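Here is a short report for a first look. Keep the view open while reading.

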Amino acid sequence: MIWLVGNKGMLGREMEALLRRRRLDYTATDREVSILDPAALSRHAAGKRIDWIINCAGYTVVDGAEDEEDLATAVNADGAGRLAELAGELDAGLIHVSTDYVFDGTKAEPYREDDATNPLGAYGRSKLKGEEIIRASGCRHVIVRTSWLYGTAGPSFVHTMLRLMNERDAVDVVDDQIGSPTYTRDLTEALLAFIEKGGAMSGVYHYSDEGRISWYDFAREIFRAGREAGLVSRPCRIYPIATAAYPARARRPAFSPLSTEKIRKTLDLAIPLWDHSLRRFLSEDFRRWNETYTTC
Ligand SMILES: NC(=O)c1ccc[n+]([C@@H]2O[C@H](COP(=O)([O-])OP(=O)(O)OC[C@H]3O[C@@H](n4cnc5c(N)ncnc54)[C@H](OP(=O)(O)O)[C@@H]3O)[C@@H](O)[C@H]2O)c1
């Protein structure tokens, strides 16, 4: 059986929806079985035959982590370590999700799995520590770094943009951070592929949807596709601004596209283009999921 940890977050909800669609045997938990509580974790595992743990839980407030680094580290590093320990005891594999924010963004080409890490902020540091603890634990593991997630459950940049575009005449969006938007539905298919393809693939992998853009370009496409899907009801101008003009608590990498060559080859995976996935999300999945979302 699969144990999905963090099933109430944005990625976790999507993962659970996929496990259900595939009719797989699973158990799912979130905060009610805290990954900070080894006894609670062991109690939940007792009597179950856990083959895989998929960890979608985390402390994910990038700016908040600057003020709460201890908490971010407890969840993203120590909590992940507890799951790794448990996976070892249960002889289960651990699939863990990490981030492009472990890099400093000074490279000119997409980051490969073995490139040097150098997080710029507390969130990235806590996620990197989590990776190190998992590796040191000796458990069978796959660490998948991903980037710029959005998904049906939200909240995400896409949700925020749709809301602002329906409220305001203009929005300013940073144009000097480049990355790869990733639809959670695409990522969950890749995570599950590690299990379905046999699981002898320990190590670090990068997954993002194909293509690289700035947040500003992303916002422009959200506007276009949102209008087409009937999710944006009025005109809205979008202006590019520099990161320096948008003060945020945490520094973010200016360039964080991830090379997906390794995961594509290992899993024989076809990765969709980011704009195809965005259109699919807005035209099909978003409205279905957000039944209460009011459109024009
Ligand atoms: N979002 C992105 O753009 C992005 C980009 C790259 C990588 N990632 C990684 O992808 C993973 C999933 O991200 P997400 O955006 O889905 O995050 P999310 O929506 O914040 O979901 C995380 C879930 O973990 C839960 N959680 C927090 N502390 C816990 C604990 N001690 N025990 C058990 N559950 C706990 C959260 O509960 P509460 O909501 O109550 O705190 C939430 O339900 C994370 O590892 C994140 O670092 C995300």
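## About the model

This is a predicted model: local features need pLDDT of at least 70, side-chain atom pairs count only at pLDDT 80 or more, and totals for chains, interfaces and linings use all residues. Residues are numbered from 1 along each chain as its sequence is written, and side-chain values use heavy atoms, with hydrogens and water left out.

Helices (H or I, at least four residues) and strands (E, at least two) are DSSP runs, numbered from the N terminus.

## Helices α4 and α5

Two packed helices are described by the angle between their axes and the distance between the axes. Helix α4 spans residues 69-90 and helix α5 spans residues 122-137. Their axes come within 8 Å and cross at roughly 20 degrees. Axes are lines fitted to C-alpha atoms, for helices over the stretch in contact, and angles run from 0 to 180 degrees between N-to-C directions. α4 and α5 are therefore roughly parallel to each other (angles under 35 degrees count as such).

The crossing is right-handed, meaning that the near helix is turned clockwise from the far one by less than a right angle. Residues in contact (heavy atoms within 4.5 Å) include Glu69, Ala72 and Thr73 of α4 and Ala122, Tyr123 and Lys127 of α5. The contact divides into 8 nonpolar, 6 polar and 5 charged residues. Ala, Val, Leu, Ile, Met, Phe, Trp, Tyr, Cys and Pro count as nonpolar, Asp, Glu, Lys and Arg as charged, and the others, Gly among them, as polar.

## Helices α6 and α8

The axes of α6 and helix α8 (residues 215-228) come within 10 Å and cross at roughly 60 degrees. This crossing is right-handed. Phe157, Val158, Met161, Leu162 and Met165 of α6 meet residues of α8, among them Trp215, Phe218 and Ile222. By class, 10 residues of the contact are nonpolar, 1 is polar and none is charged.

## Around the ligand

There are 22 residues around the ligand (a heavy atom within 4 Å). Leu11, Arg31, Thr60, Tyr123 and Lys127 come nearest.

A backbone N or O atom of Leu11 sits 2.8 Å from a ligand oxygen atom. For Ile35, a backbone N or O atom is 3.0 Å from a ligand nitrogen atom. Lys127 has a side-chain N or O atom 2.7 Å from a ligand oxygen atom.

Most residues other than glycine have a negative phi, and most peptide bonds are trans. The bond from Gly154 to Pro155 is cis, with omega near -5 degrees. Pro155 is in the loop between β6 (149-150) and α6 (157-167).

Trp148 has a positive phi, near 45 degrees. Trp148 lies in the loop between β5 (141-146) and β6.

Terms used:
Angles under 35 degrees count as roughly parallel, over 145 as roughly antiparallel, 65 to 115 as roughly perpendicular and the rest as oblique. A polar contact is a pair of N or O atoms within 3.5 Å; within protein, one must be able to donate a hydrogen and the other to accept it, and residues adjacent in sequence count only if both atoms are side-chain atoms.
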